[in-house]
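Please keep the structure open while reading.

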Amino acid sequence: MAISGRFFLLALLAVVPVIAAPSAATWAAALAVLLVVAAVDLLLAASPRRIGVRREIPTGVRLSEGTTAALRLANQSPRLLRGQVRDGWQPSAGAADALQALRIPAGERAVVRVSLLPVRRGDLRTDHVTIRSFGPLGMAARQRTIAAPGTLRVLPPFHAKKHLPSKLRRLRELDGRAAVQIRGAGTEFDSLRDYVRGDDVRSIDWRATARRRDVVVRTWRPERDRRVVIVLDTSRTSAARIGDEPRLDTGIEASLLLAVLAERGGDRVSLIAYDRRVRARVSSSGKGNMLGAMVQGLAPLQPELIELDSAGVPGQVRAVTAHRALVVLVTSLDAGAAEEGLIPLVARLAQRHVVVVASVRDPALDEARLERSTATLAYRAAAAEHALNRRAAIMAVLKRSGAEVVDAAPHDLPPELADMYIRLKASGRL
């Protein structure tokens, strides 16, 4: 039972005549009249227990895009429902009109639409709906919370998709160039041409040479169906916020752009979200649904406040492919975690695979090291310079181990990682 503001207003009006004759009997009589009126008003209110609730939620929405959820209410009581309904979405769902007025005649239905503008990626939940039913006078109300669970999946925004047309154009230009000569197994035969000084003698086609009575060599082109394995670090370092988003979200953007580009470039792509266990695993199937599967698989990912099990990463890569592949580690280059786990991991992977380490760089460090106008800022600049120097040292060690490193600001990391893939493709390393 809920008491409305009207009850207190009527109570005030009833007390006015009592002030002139403040006897106990008069007080009791006025209060009794009010209670009787409120009780009658409450009895005439529609019962919230007889309100049917059915929820309709979209299957998914991209972060920063709005959507609408619906509540279908059925008044199964014999009285008019006058009241309010509150949909219990969590705050990050951005429900602007979660509380709305109701007026549903007996035996009829109504639809309440709630506008949502999510501010966080992942699965956002609502567990209940609260209905408050007032009587005709509005003095008292019945209230009941009804279990009505629902989940809205908020997908990654994939803002980096705007870079995809230009990267695909460069990839098509690369495919259209003259075939490059690449020695070794795992390449595709392209054509025959006359031998020129400097060609590898192992590329000579002796049968064609015998037929033409001139030395002929085979030319090769990079394979289009090489394996690309993206390992997305979801450990504690991915929880750090760089700019206005967590490091994990930037890694998801970069992984999505690279995966779509590589798949459309003819390669087979696998993505593994990993810390100490696999949080998500998605592989291209050749049916054109790679992006949709990745977006759905990565949407509920959240950083785990545990250390990355770097020793388990090679086993996860082997579970995807037993052949030489491009392994992209989307992780952190912060000192400590990188020195203890990343450097040995890269050295181990580089013995068998082409390895790229992609990490988001905090622009605040570059800005802080340039500002030294006060003593406080000078100390801050020194700390930023020290952090950048250690980061550069880690990058140098990784490069000596045979890996490529992409270290860029949040908005620059996705396109620069895509450029690295195209450069490796052009050089014949894939």
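## Cavities, a pocket and a helix

Strand S12 (227-233), helix H5 (247-264) and strand S18 (354-360) each contribute at least two residues to the lining of the largest cavity. Helices (H or I, at least four residues) and strands (E, at least two) are DSSP runs, numbered from the N terminus. The model is predicted: local features need pLDDT of at least 70 and side-chain atom pairs count only at pLDDT 80 or more, while totals for chains, interfaces and linings use all residues. Residues are numbered from 1 along each chain as its sequence is written, and side-chain values use heavy atoms, with hydrogens and water left out.

The protein has 11 helices and 19 strands. Of its 430 residues, 45% count as buried (buried is under 20% relative accessible area, exposed over 50%, partly exposed in between; 1.4 Å probe, protein chains only).

Rolling a probe the size of a water molecule over the atoms shows where empty space is left. On a 1 Å grid over the protein atoms alone, a cavity is a set of points where a 1.4 Å probe fits but cannot get out, and a pocket is an open set with protein on both sides within 12 Å along at least five of seven lines; lining residues have an atom within 4 Å of a point. Grid points are joined across faces, edges and corners, and a volume is the space filled by probe spheres set on the points. Two cavities of 30 Å³ or more are counted.

In the table, Ala, Val, Leu, Ile, Met, Phe, Trp, Tyr, Cys and Pro count as nonpolar, Asp, Glu, Lys and Arg as charged, and the others, Gly among them, as polar.

| Space | Volume | Lining by class |
|---|---|---|
| Largest cavity | about 90 Å³ | six nonpolar, seven polar, two charged residues |
| Second largest cavity | about 60 Å³ | seven nonpolar, one polar, one charged residues |
| Largest pocket | about 530 Å³ | 10 nonpolar, six polar, eight charged residues |

The largest cavity has 15 lining residues, and those nearest its centre are Asp233, Arg247, Val330, Thr331 and Ser332. H5 gives the most to this lining, with four residues. Around the second largest cavity, the lining includes Val231, Asp233, Leu308 and Val313. At least two of its lining residues come from each of S12, strand S17 (325-330) and helix H8 (337-350).

For the largest pocket, 24 residues form the lining, with Leu63, Pro157, His159, Glu245 and Asp249 nearest the centre. Strand S14 (245-246) and H5 each supply at least two of the lining residues, and H5 gives the most, with four.

Aspartate 267 sits in the loop between H5 and strand S15 (268-274). Its relative accessibility is 3%, so aspartate 267 counts as buried. What joins the side chains of aspartate 267 and tyrosine 421? The link is a polar contact of 2.5 Å (a pair of N or O atoms within 3.5 Å; within protein, one must be able to donate a hydrogen and the other to accept it, and residues adjacent in sequence count only if both atoms are side-chain atoms).

In helix H7 (residues 313-320), Val313, Pro314, Gln316, Val317 and Val320 are buried. These residues cover an arc of only 160° around the axis, which puts them on the same side of H7 (the arc is that of the directions from the helix axis to the C-beta atoms). Arg318 and Ala319, on the other side of H7, are exposed.
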